Each structure stands twice: as structure tokens, then as C-alpha cells.
Amino acid sequence: MKKMIAIFMILCLSLILFTSCDNRDAMMGNTSEKAPTDILDPDFSYSGEDEKDSVVKDETEELRKIIKTYNLSLETKQFKEDSTFIASEAEKLGGYIASSSFSSMSNNAASSQSARYTIRVPSQSVDSYVALISEHCNVITSNLTTEDITDSYYGIQAQIDSLVIQEKNLIEMLEKADNLYDMIALDDKLSEIRAKINELNYKLQNMDKSANYSYVYISLKEVAEYQTSEKTYWQKFGEAVVDSMKNFTDVLGTILIVFVWVFPFVAVIAAIAVTIVIATNRSKRKKQEKRKDSKDQ
């Protein structure tokens with residue numbers, strides 16, 4: 001009997017141990033499957049939010065609308081070659097000449113040419129274009145201005161989006177209108193909304209063009225010698241003397257021209273004045289002689 005009881009107790013203990021082991025294994029298995037990666041791997045770091053912020057930031061920078069404008073004053077000793085180079089390089093980069101003008105000056109000693117350009121160059125290439133032409137010509141002045149029109153651009157875009165919603169609502173209302181008066185009123189309002197949308201779209205197109213194609217204003221002058229970056233005192237003094245003599249000559253020439261124009265009138269007025277004076281003197285003399293004769297008698 002005692003042996004039977006002992007065997008029964010051993011079987012029960014074995015069953016309890018076997019069941020507890022299975023439960024522990026199951027719990028460990030479930031834990032391993034559901035354990036988060038960042039807990040198992042201490043070097044793991046989740047960067048999903050950072051990547052998202054980086055993408056948004058890059059897209060925002062790319063969508064900014066900035067107008068670049070360069071103003072360059074250049075000198076050249078080979079006017080024809082450099083003027084051709086300025087135009088051809090702009091075309092190679094996808095730009096074009098919006099306007100140009102040429103002029104020439106000559107005197108007994110020498111002659112010179114000059115030109116003015118308004119050039120549109122893609123904004124991503126404008127800096128390299130300016131650097132390229134600056135290597136071929138002598139740069140006297142160079143100025144860059146930028147204008148950020150991002151807020152204005154997207155403000156207009158928001159207006160267009162709002163108007164488009166109004167247009168859609170008006171179309172739905174027009175389809176449901178059942179009397180002529182409402183139909184005419186809705187159609188007039190719809191035409192007004194569409195005209196405003198077209199106007200704002202035109203503004204956006206111009207703003208896109210200004211931002212995508214930068215302005216480059218160039219003044220090109222032909223010279224015999226390039227200007228130095230800084231002039232000496234005597235150079236400044238000599239230029240002041242030359243300018244002073246030139247101004248004096250211009251003023252003297254203007255005075256002579258005015259004198260030639262006025263001289264005939266002055267001559268006529270002077271002749272009339274002399275005649276009047278002579279006649280007046282003769283009249284006085286005659287009166288004096290008559291008075292003298294009357295006294296003698």
C-alpha cells in the first residue's frame with residue numbers, strides 16, 4: 001500500500017514539473033516574438049520622424065521662390081568677340097537675350113563701342129554664367145540683389161484654391177437652378193470668379209518665370225586700357241583738370257552759340273536806341289539855340 005502511495009505521489013510531482021516547464025517555454029516563446037526591436041538591440045534608434053522632417057525641409061527649400069538680379073559693368077579690349085561670347089554662353093545654359101542695344105563713339109584719335117544687355121538665365125546656372133563672363137572681361141562693378149517672393153506666391157496660390165472651390169459650388173448651384181433669374185445671377189458670378197482665377201494664374205506664371213530665370217543686366221564698354229582697381233592721387237588730379245577744362249569749353253561754346261543767336265536782335269535794339277538818343281540830343285540843341293536867340297533880341 002505504501003509503495004502504491006509513493007508511486008502515485010511521484011507521478012503527480014512529475015506531471016506538475018512537466019506542466020510548469022511547458023508554460024515557461026511558451027511564455028518565453030511569446031515574449032521573444034513580441035519583444036520590440038529597440039529593446040532587443042540597444043544600438044537601434046528609430047529615425048522615421050527625423051527622415052520625415054528632413055524630406056519636408058528639403059521640399060520647402062526647393063519650393064522657395066527667389067528672384068536673383070545681377071548688375072554688371074564690364075570693360076573689354078575685344079568688343080566683338082566678348083559681345084558674341086556673352087550671348088552664346090547664355091544660350092548654351094538655356095537662357096536668352098531679352099533686350100540689347102549698341103552704340104559707338106568716334107573722334108579723331110580713336111573710336112569705341114558699347115552695349116547694354118538684359119539677359120535671362122536659368123536660376124540654377126546664373127552664378128556660373130556670371131563667373132564665366134567675368135573671366136573674359138574686366139569687371140568694374142558687380143552687384144547681386146535677391147527678392148524672396150515665397151509668401152506672396154503661395155498667398156496667391158491659396159486665393160486660387162479658394163476661388164476654385166467657389167467655382168465648383170457655383171457650377172453645382174447653376175445645375176440645380178430652376179428659374180432664369182437665378183441662372184443669370186449665378187452665371188455672372190461664375191464668369192467673375194473665372195476671370196479672377198485667370199488673372200491670378202497669370203501673376204503666378206510671371207512669378208514662376210522671374211524665379212526660374214534670373215535677370216542679368218550687363219553694360220559692356222570697349223576700352224584701350226583697363227581701369228585699375230584704385231587710382232593714384234595724380235590720376236585723380238589729372239582727371240579733375242581734364243573734366244574742368246572740358247566743362248569750361250562746353251560752357252564757353254554754349255555762350256558763343258547763344259550770342260550768335262541773340263546778336264541780330266541786340267544789333268537792331270542798339271541801332272534803335274542810338275537813333276533815339278541822337279534825335280533827342282538834336283531836339284535839345286535846337287531848343288537851347290532858340291532860347292539863346294530870344295535872349296539876345
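This is a tutorial dialogue about reading a predicted model of one protein chain.

User: Before anything else, how are residues numbered, and which values count in this model?

Analyst: Residues are numbered from 1 along each chain as its sequence is written, and side-chain values use heavy atoms, leaving out hydrogens and water. Since the model is predicted, local features need pLDDT of at least 70 and side-chain atom pairs count only at pLDDT 80 or more, whereas totals for chains, interfaces and linings use all residues.

User: How many helices and strands does the protein chain have?

Analyst: Helices (H or I, at least four residues) and strands (E, at least two) are DSSP runs, numbered from the N terminus. In this protein chain there are 8 helices and 5 strands, and from the N terminus they follow the order α-α-α-β-α-β-β-α-β-α-α-β-α.

User: In what order do the strands lie in the sheet, and which stand at the edges?

Analyst: Two strands pair if DSSP finds at least two bridges between them. Here the 5 strands make an open sheet with mixed pairing, in the order β2-β3-β5-β1-β4. The edges are taken by β2 (96-106) and β4 (138-148), each of which has a single partner strand, so one side of each is left without a neighbour in the sheet. From one strand to the next the twist averages 10°, where axes are lines fitted to C-alpha atoms, for helices over the stretch in contact, and angles run from 0 to 180 degrees between N-to-C directions. Strands β2 and β3 (residues 111-122) run antiparallel and are joined by 10 bridges; S103, for example, has S114 in β3 as its bridge partner.

User: Which helix packs on this sheet, and which strands does it touch?

Analyst: Contact means heavy atoms within 4.5 Å. By that test helix α4 (residues 79-92) packs on the sheet and touches β1 (66-76), β2, β3 and β5 (213-222), its direction making about 10° with that of β3.

User: What should I look for in helix α6?

Analyst: An α-helix has 3.6 residues a turn, so residues three or four places apart point the same way. In α6, the buried residues are T150, Y153, I156, I160, L163, E167 and L170, and what covers them includes β4 and α7 (180-212). Helix α6 (residues 150-176) has 27 residues and reaches 40 Å from its first C-alpha to its last, close to the 39 Å expected at 1.5 Å a residue, the expected span being 1.5 Å times one less than the number of residues.

User: How are the rings of F102 and Y117 placed?

Analyst: A pair of aromatic rings is described by the distance of the centres and the angle of the planes. Rings of Phe, Tyr and Trp (its six-membered ring) pair if their centres lie within 6.5 Å, and planes under 30 degrees apart count as stacked, over 60 as edge-to-face and the rest as tilted. The whole structure has 6 aromatic pairs. The rings of F102 and Y117 have centres 5.8 Å apart and planes at 90°, so the pair is edge-to-face. F102 is exposed at 54% relative accessibility, whereas Y117 is buried at 4%.

Terms used:
Buried < 20%, exposed > 50% of the residue type's maximum accessible area, 1.4 Å probe, protein only.
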